[in-house]
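Please examine the model displayed here with the following briefing at hand. The points are grouped by topic.

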Amino acid sequence: MKLVAITLDCPDPLALAAFSQQATGLEAHPESNADFAGLNGEYGLFIGFQRVDDHRAPSRPDPGVPQQLHLCFKVEDDLDEAEARLLTLGAGKPDHQPHGDSTRVLTDPAGHPFCISTRRVRARVRTWRSGKSSTPRNGHDDEGR
């Protein structure tokens, strides 16, 4: 079995696809439209964005509206520069930053949390609310191993 697509609910598929395209450099799917837009990723992975008129942005760490999805991206260049570029593109930065200096939690324009990190993904992480190590939730290497 091979993962071939990830789809995110959002209020404006074209806007979220444009943000994600600028952030990642992935190619826009030629049949993207106002109801469903997509990006063609490496190795055949497709990232889709589908319109949900009553979409409610995640309120993480408040459990009122769960995070729905959490993507993690490894940054090859300077983390501060990558963060600044993403903020310029329309990302948000929550006040709560649980992962130390090597990882930043940001939100896309639809409110989905994602992280950028200089470290590799690991199975043991700190939870968003408590800061304590736990079972895998988002794959960050908070302990530097």
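Helix 1 lies across strand 1, strand 2, strand 3 and strand 4, and runs at about 15° to strand 3. The angle is taken between N-to-C directions on a scale from 0 to 180 degrees, with axes fitted to C-alpha atoms and, for helices, over the stretch in contact; contact means heavy atoms within 4.5 Å. Helices (H or I, at least four residues) and strands (E, at least two) are DSSP runs numbered from the N terminus.

This is a predicted model, in which local features need pLDDT of at least 70 and side-chain atom pairs count only at pLDDT 80 or more, while totals for chains, interfaces and linings use all residues. Residues are numbered from 1 along each chain as its sequence is written, and side-chain values use heavy atoms, with hydrogens and water left out.

**Overall composition**
- The protein comprises 2 helices and 9 strands, in the order β-α-β-β-β-β-α-β-β-β-β from the N terminus.
- Of its 145 residues, 37% count as buried; buried means under 20% relative accessible area, exposed over 50%, and partly exposed in between (1.4 Å probe, protein chains only).
- Among contacts with a separation of 6 or more, 46% are between residues 24 or more positions apart.

- An open sheet of 4 strands has the order 1-4-3-2 and mixed pairing; two strands pair if DSSP finds at least two bridges between them.
- Strand 1 (5–10) and strand 2 (27–28) stand at the edges with a single partner strand each, so one side of each has no neighbour in the sheet.
- Strand 3 (residues 36–40) and strand 4 (residues 46–51) run antiparallel and are joined by 5 bridges; Leu39 has Ile47 in strand 4 as its bridge partner.
- In the loop between strand 3 and strand 4 lies Tyr43, which has a positive phi of about 60° although it is not a glycine. Tyr43 is exposed, at a relative accessible area of 71%.
- Leu14 belongs to helix 1 (residues 13–24) and is partly exposed, with a relative accessible area of 41%.
- Not counting residues up to four places away in sequence, Leu14 touches Ser32, Asn33, Ala34 and Ala37. The C-alpha atoms of Leu14 and Asn33 are 6.6 Å apart, although the two residues are separated by 19 residues in sequence.

**Strands 6 and 7**
- In strand 6 (residues 103–107), 5 of the 5 residues are buried. Thr103, Val105 and Thr107 cover one side, and Arg104 and Leu106 the other; all are buried.
- Strand 6 pairs with strand 7 (residues 113–117) in the antiparallel sense over 5 bridges, and Val105 has Cys115 in strand 7 as its bridge partner.
- The hairpin of these strands has 5 residues between them, and Gly111 there takes a positive phi near 95°.

**Cysteines**
- A search of the whole structure finds 0 disulfides, a disulfide being a pair of cysteine sulfur atoms within 2.5 Å.
- Cys115 is in no disulfide, and its nearest cysteine sulfur, that of Cys72, is 5.1 Å away.
- Cys115 is buried, with a relative accessible area of 0%; Cys10 also counts as buried, at 0% relative accessibility.

**Confidence**
- The mean pLDDT (the predictor's confidence in each residue, from 0 to 100) is 80, and 79% of the residues reach 70 or more.
- Over residues 122–145 pLDDT stays under 50, and the model has 60 contacts beyond four places in sequence for this stretch.
- Where pLDDT is low, predicted coordinates should not be read in detail.
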